[in-house]
Amino acid sequence: MRRPADNPSPRQDQPARGNVGKGEQTRRAIISRALVIVHDVGYEGLSIGVLAKETKLSKSGLFAHFKSKEALQLGVIQEVVNQFTLRVVQPALSSPRGEPRLRVLFEKKLEWVRGEQELRGCLLQKGSLEYHNRVGNPVRKCVVHALQDWREFVVRCAQTAVNEGHFRANLDAEQFVYEFDGIAMMYEQAQGLMRDRDAGERAQTAFESLLDRSRRVPRSP
């Protein structure tokens, strides 16, 4: 995940809407179908052969876009990062700095975990579990880099809340992110795996507790 700036500018290497060539349209369609497969069977279950059947394209046609299974997996992760940035990070950056931004970030992270129809759960978290012990694997490195960038971003948001006077001066921003992500991970398990109807309410209660403990302590009169 690229480190988001306070006022991010559009990527210059992306073609303008309406100017997308047929090759790029095909590549996007491949990635879109690959995302569904990864949700079902994981990154390691994704292969050129499986995708060829799903997209009704020839293996040679797929190889024209992705030279290997690994390249395909990395392409999927990059698309996940792009979508996460669009759906979670960008809305937060459009909100006021400090605690309000963190609230939006938390709300959008839970929306991301809930997903839509079959695309539920965080594919970055899925990748972190799937490649947990595969040290040196390029896909693992990509997932680690994306998650590090995400946590660094939340750290900066928490530190900004300190600078804005919303949080106390001695706040441990790293600990804040640890608990922030912990709540989101527990929500994903409770809501997705356990089908706990109270998952959202419990996650919000935990988040409000985290905010309360992070705010400045009022001075005595």
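Which residues do ring pairs link into a cluster? They are Phe-84, Phe-106, Trp-112, Trp-150, Phe-167, Phe-176, Phe-180 and Phe-207.

Before going on, a word on the ground rules. This is a predicted model, where local features need pLDDT of at least 70 and side-chain atom pairs count only at pLDDT 80 or more, while totals for chains, interfaces and linings use all residues. Residues are numbered from 1 along each chain as its sequence is written, and side-chain values use heavy atoms, leaving out hydrogens and water.

**Aromatic pairs**

Searching the whole structure turns up 9 aromatic pairs (Phe, Tyr or Trp rings, the six-membered one for Trp, with centres within 6.5 Å; planes under 30 degrees apart are stacked, over 60 edge-to-face, the rest tilted). Two of them look like this:

| Pair | Centre to centre | Angle between planes | Kind |
|---|---|---|---|
| Phe-106 and Phe-180 | 5.6 Å | 80° | edge-to-face |
| Phe-167 and Phe-176 | 5.5 Å | 45° | tilted |

Phe-106 sits in helix H5 (residues 99-114) and Phe-180 in helix H8 (residues 173-193), so their pair ties together parts 74 residues apart in sequence. (Helices here are DSSP runs of H or I, at least four residues, numbered from the N terminus.) Phe-106 is buried at 1% relative accessible area, and Phe-180 is buried at 0%; buried means under 20%, with a 1.4 Å probe and protein chains only. Phe-167 and Phe-176 are buried too.

H7 itself has 26 residues and spans 37 Å from first C-alpha to last, close to the expected 38 Å (1.5 Å times one less than the number of residues). After H7 comes Gly-165, with a positive phi near 85°.

**Cysteines**

How many disulfides does a search of the whole structure find? It finds 0, a disulfide being two cysteine sulfurs within 2.5 Å. Cys-122 counts as buried at 7% relative accessibility, and Cys-157 does at 4%.

Notes: Helices (H or I, at least four residues) and strands (E, at least two) are DSSP runs, numbered from the N terminus. Buried means under 20% relative accessible area, exposed over 50%, partly exposed in between (1.4 Å probe, protein chains only).
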